[in-house]
Amino acid sequence: MGAETTQAAGDLAANWLETAWGTYKKRFVRAGRVIDDVNRISHSEGQGYAMLIAVKAGDRAAFDEIWQWTKRELYVDPSGLAAWKWDDSTASKVTDKNNASDGDILIAWALAEAAERWGSMKYREAARDIIRAVSKENIASSPMGTILMPGRIGFSPESHPDGQVLNLSYWVFPAFERFKTLDSETDWAAVQATGLKLLRESRFGPLRLPADWIAIGSGQPAPARAFPAKFSYNAIRIPLYLAWAQLNQPDLLRPFVGLWNSELNLGPFEVDLSSGSAQQTLGGTGFKAVIAAAKCALHKQKLHVSLRKVESDAYYATTLHILALLALQERYPECL
């Protein structure tokens, strides 16, 4: 790509992100609190996503405001991990102090990116503290390798008849690349390798897709009995993280690329894994953008014109749309 073309692409990218982030803040951010408008709560995952988008957009004021709210309202447990859920309709606000490890990982990743962008040791130290808390509370050994627990409580082999329960969409692969430089005490390469191994072995039903929740008590991954055996709103993030990390694992991306037919504009769908039948459509343009990112990573397929502008969808779909475009901008600009 020539210098002039690169500069033009950079200007275009900056413009789309500035516009999308400005709209996002107005719709979903209130004094540092990120609001999931469908579930009517705030959660650690949402705070982390917004912090990450803010730093990519170069909006330090918004980043600081979101981080300060997150630190004050969610980091209330001695474990050093964020409470996953904050509900304004309750007196206590925090109704469950258990963490969601992907939320902490996203927050730490955003802090690490901010530390580099703005040269802040304060952000770097905060990122390292969270990473080490995740390592202490959420990283564990298993017969499958080094695993990432979904939370501190409730997912151990003792808690479920089919053994350890995991969520493969919590493996935020691009974050692990950054963590390797911040935390030498944890073998993040081993965490990453186990996630890739589990994905390779978690191919269920006719479409060979992973379940939102898996259990590994039998020695091989299987859909967890405590959750519906389906591919849905959790697992849709897996191809995004694979593409963003540029792991060069084409066999892992391949099952996802058929989930959206761009010519007929069909899908992506929730999928019943036992039958392979499509259930309801995953509502929102952002889910299509995730599959488009996978198609780009696998086949260098250019982004469909309908996905180049971030639409005003619900919180989750809008968030994933912005993240998919960021992933393409950073890893596969030729697809834009």
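**Exercise 1. Describe how α2 and α8 pack: give the angle and the distance between their axes.**

Step 1. Helix α2 spans residues 44-56, and helix α8 spans residues 237-245. Helices are DSSP runs of H or I with at least four residues, strands are runs of E with at least two, and both are numbered from the N terminus.

Step 2. The two helices pack at about 35 degrees, with axes 16 Å apart. Axes are lines fitted to C-alpha atoms, for helices over the stretch in contact; angles run from 0 to 180 degrees between N-to-C directions.

Step 3. On the α2 side, the contact (heavy atoms within 4.5 Å) uses E45, Y49, L52 and K56. R237, Y241 and W244 supply the α8 side.

This is a predicted model: local features need pLDDT of at least 70, side-chain atom pairs count only at pLDDT 80 or more, and totals for chains, interfaces and linings use all residues. Residues are numbered from 1 along each chain as its sequence is written, and side-chain values use heavy atoms, leaving out hydrogens and water.

**Exercise 2. Find how β6 is joined to β7.**

Step 1. Strand β6 covers residues 139-142; strand β7 covers 145-148. They run antiparallel, joined by four bridges. Pairing requires at least two DSSP bridges.

Step 2. S142 has G145 of β7 as its bridge partner.

**Exercise 3. Is D183 buried or exposed?**

Step 1. Locate D183 in the loop between α6 (173-182) and α7 (188-201).

Step 2. D183 counts as buried because its relative accessibility is 1%. Buried means under 20% relative accessible area, exposed over 50%, partly exposed in between (1.4 Å probe, protein chains only).

Step 3. Beyond neighbours within four places in sequence, D183 contacts I131, R132, S135 and W188.
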